[in-house]
Amino acid sequence: MKGNLLDRLHRSTSRIALFCLAATACSGALAADVIITADRLLDVRAGRMIPNPEILVRDGKVVSIKPGARAAAAGDGATRIALPGMTLVPGLIDMHVHLDSDPTYGGYTGLEYNDRFWSALSVVHAGKTLDAGFTTVRNLGASDWNDVGLGQAIAAGKVRGPRIVPAAWSFGPTGSHCDSTYFPPSMDEKNPYNADSPDEVRKSIRALRKYGAQVIKICATGGVFSRNTEPGQQQMNLAEMRAAVDEAHQWGLQVAAHAHGAAGIKDAIRAGVNTIEHASLIDDEGIALAKKHGAWLSMDIYNGDYTAAEGKKNGVLEDNLRKDREVTDLQRQNFRKAHAAGVKMVFGTDAGVHPHGGNGKQFAVMVKYGMTPLQAIQAATINASEALARKDVGVVEAGRFADMVAVKGDPTVDVTLLEAPAVVIQGGSVVKGSAP
């Protein structure tokens, strides 16, 4: 019986394969080329505009870019996306989001809902993020594998959203910012990946990678939105962070470290961490170390405005609001110092602390604190792709995904244009807006 069933499956599969080859109508069949035209394309690698580009896309990736082209007549079977009067920018990358978090639930207010409530919200947040022009994100911490599952659903075409690089559970020592710190001991709430030694760090990384993490996030210092931690406190020691980096890099994974405090930042850099998240209290020695070791800083310098304005109404506890007030301005001044010193910077907003879809509001704050509009855009495109060690996103060039946003005007003059792109293209398909 089993053999007969297998024979029938084999014959059916063979017939399907032959039909696909004959009709080219099944998944994976050759698709029509796509040609995208606009008034300008920002070459983020060279820092210049390409006039009247004609971008040939095949199977979701850029094949060629012809400058100075004019819209050709139809007739070759290609799908044409004509965007006259618009500037194209590579699809934006946010290096620090939490798609299963919603800032309108602060403190204990989220306990009214079932755990799967946050899984459902993450789908809505993914769509808002994509509509904001962010075609790739790095999700640095989620409960219950929400970001792994969401990324798989997006990749399978079941829901709309950006390409996701998931960290799954972020972790640190017992009682740290990444632990569960809001409950009494009778409830026995804890992060299942807490690690209190180098060996435990290695084991947690192996388990996270096993179930889908594509980047590892550790918590080197205390944080703003946890209880019984202070942002300046170091929580992981140098040996633990070195174990994290050695283990993750062995598996080909990058490491991001939540690190507000100066001592924790410096040890994270010494350990070889790839990106320092927040970096709020970085000092001159830390800036010099970051430059020497090539560590990237991901500084979320917009969201303090949102927390100050809406946090209390959303239920954020006063102790957390106090920490946010103490850190926000210092972080922005240190962003200015680090950028002026030539430290490598990427764009990360910590969306989930502020509403998803508002990611682009950080561009103007980055410009206010020392970057040019071009530098802020590069932080969210080519810099982010380099920090991710990926060569398929972040730049519009041959071999990379045809991910782009279109705006009316020049974002290198007015970066606020990127707060609400008119058109978003992902893999050569328009996913928001339409050609005029």
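The crossing of helix 8 and helix 9 is left-handed, a term applied where the near helix is turned anticlockwise from the far one by less than a right angle. In this predicted model, local features need pLDDT of at least 70 and side-chain atom pairs count only at pLDDT 80 or more, whereas totals for chains, interfaces and linings use all residues. Residues are numbered from 1 along each chain as its sequence is written, and side-chain values use heavy atoms, with hydrogens and water left out.

The axes of helix 8 (residues 303–310) and helix 9 (residues 318–340) come within 10 Å and cross at roughly 150°; helices are DSSP runs of H or I with at least four residues, and strands are runs of E with at least two. Helix 8 and helix 9 are therefore roughly antiparallel to each other, the class for angles over 145 degrees. Gly 304, Asp 305, Thr 307 and Ala 308 in helix 8 meet Leu 321, Asp 324, Thr 328 and Arg 332 in helix 9, contact being heavy atoms within 4.5 Å.

According to the unreviewed UniProt entry, the annotation "domain: Amidohydrolase-related" covers residues 87–427. Over residues 87–427 the chain is 36% helix and 15% strand, with the end C-alpha atoms 18 Å apart.

The structure holds 14 aromatic pairs, defined by ring centres of Phe, Tyr or Trp (its six-membered ring) within 6.5 Å. One of them, formed by Phe 134 and Phe 363, is stacked, at 6.5 Å centre to centre and 20° between the planes, stacked meaning planes under 30 degrees apart. This pair links distant parts of the chain, with Phe 134 in strand 7 (residues 134–139) and Phe 363 in helix 10 (residues 362–368), 229 residues apart.

Conventions: Axes are lines fitted to C-alpha atoms, for helices over the stretch in contact, and angles run from 0 to 180 degrees between N-to-C directions. Angles under 35 degrees count as roughly parallel, over 145 as roughly antiparallel, 65 to 115 as roughly perpendicular and the rest as oblique. UniProt positions are given in the numbering used here, feature names are shortened, and annotations may be inferred rather than shown by experiment. Rings of Phe, Tyr and Trp (its six-membered ring) pair if their centres lie within 6.5 Å; planes under 30 degrees apart count as stacked, over 60 as edge-to-face and the rest as tilted.
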